[in-house]
Amino acid sequence: MTGCITTTLQNVVMDAPGYCVDTSLFMISEISAQLGQSFWMPTQASTFARYVDYVFYFILGIVSFFFILITVLMVVFAIRYRRRTGMNSLPSVSHNLKLELAWTLIPTLLVVIIFLLGFKGFIDITTPPANVYPITVIAQKWSWAFQYPNGYVDSQLHVPVNRPIQLTLTSRDVIHSFFVPAFRLKRDVVPGRYHRAWFEATEINDVDGFDILCSEYCGTGHSQMRSKVFVHDPTAFARWLDTAARWETRMSPVQRGQEIYEQRGCKQCHSIDGTKNTGPTFKNAWDDIVEGKTTFADGKKLSSFLGPKFTPEDYVRESVYQPQAKIVAGFTPAMPSFEGQLRDNDIPAIVAFLQSLSDKYKSQSQMAISNKPAASQVASTQSEPAQPALTQPAPIHPTSQGDKK
Ligand code: HEC
Ligand SMILES: [Cu+2]
């Protein structure tokens, strides 16, 4: 701001960082853009945040000026030229060339300036520089998934600081909108299309993170469709990605299942405490599945499907990949398909997680562990330590037990 020299409009528009113009309005917008962030705007944490605020305050300045001018004149004129007894009104002026030119040209000029400022910002925001770091964003009701170049998927966004990031955004169901207020970044996410957006974060924030919101009403869970973006210094980012990508190998199947549940959006629709949400609760769901008790919207029971060719695990896999194939009674076909997002080795983890939430299953497998069968029998069952041992009393669901092997 200091050392401001008069610049032509062209400089203002073409060379944004140095915008310094002798017009007080430009100055006010610039000062507001700097003050505003601590007052009512979120932090300015990306390269174009300040410019966006600047244009905003510029327009706000113009409209405020004219709002006050018009309101004050209206009140003054209404009082000054009010109707008084004994005074006749003069005939109205029908034409005034100077006045008409002024009220046409000044607004036109202002609108052109606003257009040029906005257009410059638009070009900047839509043209990524070279050397971008690509991340794919997949939106679905009601969560975000961020996929890194090494294939790792996370429900939160992690980026290195001072490095342009290019997002390729797509949706699996309805229109969502990816919004990071601190970056002044917003882009619609449309099913069947791949939209692009880019940003460069300028401030490290690896503890609290900046908010990610969905700004397109997308159904009942819309307000919970939130996430965070964490900005790391480049080495910390590389370290994070490296360890994160190996998370699967460090976890037990139950932990992995829980991670999937929390990170991939299952949580938005499935509770684990028995409450009915958009989808059925996961509490004791495995017991019902294994016993075939789950009833579908068409009146059929899961038991009529279970058999050697369709195990409870197959049912879980089908529920995740083709959720519409069988609709659980009392629910709508609201679940999006996770085909292509979760892999086949995620299914056992989901199953293990469901098992860990099912009382009957847990008590049975505990019995199996406490009454260890003889060593000779252990050999045959060891590959499935969580299964009730063969020596236990008849299992409750003969079908699925028989299918196991
Ligand atoms: C948008 C909400 C939504 C999300 C997100 C969602 N589900 Fe579902 N899910 C449902 C609904 C609704 C049903 C019941 C209708 C049906 O069977 O498709 C269901 C059914 C299921 C079933 C069958 C349950 C039973 O009792 O028979 C399983 C298993 C399942 N979901 C697993 C998952 C997993 C795993 C995830 C995350 C990777 C997930 N769901 C994400 C809504 C959702
Ligand atoms: Cu949304």
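A residue is called buried here if 20 or more other C-beta atoms lie within 10 Å of its own, exposed if 12 or fewer do, and partly exposed in between, with C-beta atoms placed from the backbone. By this criterion Arg-184 is buried, as 23 other C-beta atoms lie within 10 Å. The structure is a predicted model, in which local features need pLDDT of at least 70 and side-chain atom pairs count only at pLDDT 80 or more, while totals for chains, interfaces and linings use all residues. Residues are numbered from 1 along each chain as its sequence is written, and chains are lettered from A and ligands numbered from 1 in the order in which they are written.

The protein chain holds 14 helices and 10 strands; these are DSSP runs numbered from the N terminus, helices being H or I with at least four residues and strands E with at least two. Of its 405 residues, 26% are buried. Among contacts in the chain with a separation of 6 or more, 65% join residues 24 or more positions apart, a contact being two residues whose C-beta atoms, placed from the backbone, lie within 7 Å.

One open sheet has five strands in the order S3-S2-S1-S5-S8, with mixed pairing; two strands pair if DSSP finds at least two bridges between them. Strand S3 (153-154) and strand S8 (195-200) each have a single partner strand and stand at the edges, so one side of each lacks a neighbour in the sheet. Strand S1 (residues 133-140) pairs with S5 in the parallel sense over seven bridges, and Ala-139 has Ser-171 in S5 as its bridge partner. On the other hand, strand S5 (residues 164-171) and S8 are antiparallel and share six bridges. Along this pairing Gln-166 has Trp-198 of S8 as its bridge partner, and Thr-168 stands opposite Arg-196 in S8.

In a regular strand the side chains alternate between the two faces of the sheet. In S5 the covered face consists of Ile-165, Leu-167, Leu-169 and Ser-171, and the uncovered face of Pro-164, Gln-166, Thr-168 and Thr-170.

Asn-131, in the loop between helix H4 (97-126) and S1, has a positive phi near 65° although it is a residue other than glycine. This residue, Asn-131, is exposed, with 8 other C-beta atoms within 10 Å. In the loop between S1 and strand S2 (143-147) is Trp-142, which is joined to Lys-141 by a cis peptide bond with omega about -5°. Most residues other than glycine have a negative phi, and most peptide bonds are trans.

A further open sheet of five strands has the order S4-S10-S9-S6-S7 and mixed pairing. Its edges are strand S4 (157-160) and S7, each with a single partner strand, so one side of each is left without a neighbour in the sheet. From one strand to the next the twist averages 25°. Strand S4 and strand S10 (residues 227-232) pair in the parallel sense over four bridges, with Pro-160 opposite His-232 in S10. Helix H5 (residues 234-245) packs on this sheet and touches S4, strand S9 (205-214) and S10; its direction makes about 140° with that of S4. Axes are lines fitted to C-alpha atoms, for helices over the stretch in contact, and angles run from 0 to 180 degrees between N-to-C directions.

Helix H7 (residues 253-263) packs against helix H11 (residues 347-356) at an angle of about 95°, with the axes 7 Å apart. H7 is therefore roughly perpendicular to H11, a term for angles of 65 to 115 degrees, whereas those under 35 count as roughly parallel, over 145 as roughly antiparallel and the rest as oblique. The contact involves residues including Arg-256, Gly-257, Gln-258 and Ile-260 of H7 and Ala-349, Ala-352 and Phe-353 of H11. The buried residues of H7 are Arg-256, Gly-257, Gln-258 and Ile-260. After H7 comes Gly-265, with a positive phi near 90°.

Ligand 1 is surrounded by 29 residues, the closest being Cys-266, Cys-269, Gly-279, Ser-319 and Met-335; a residue is near a molecule or strand if its C-beta atom, placed from the backbone, lies within 6 Å of it. Helix H8 (266-269), helix H9 (285-290) and helix H10 (312-321) are the elements that give two or more residues to this shell. By class, the shell has 18 nonpolar, eight polar and three charged residues, where Ala, Val, Leu, Ile, Met, Phe, Trp, Tyr, Cys and Pro count as nonpolar, Asp, Glu, Lys and Arg as charged, and the others, Gly among them, as polar.
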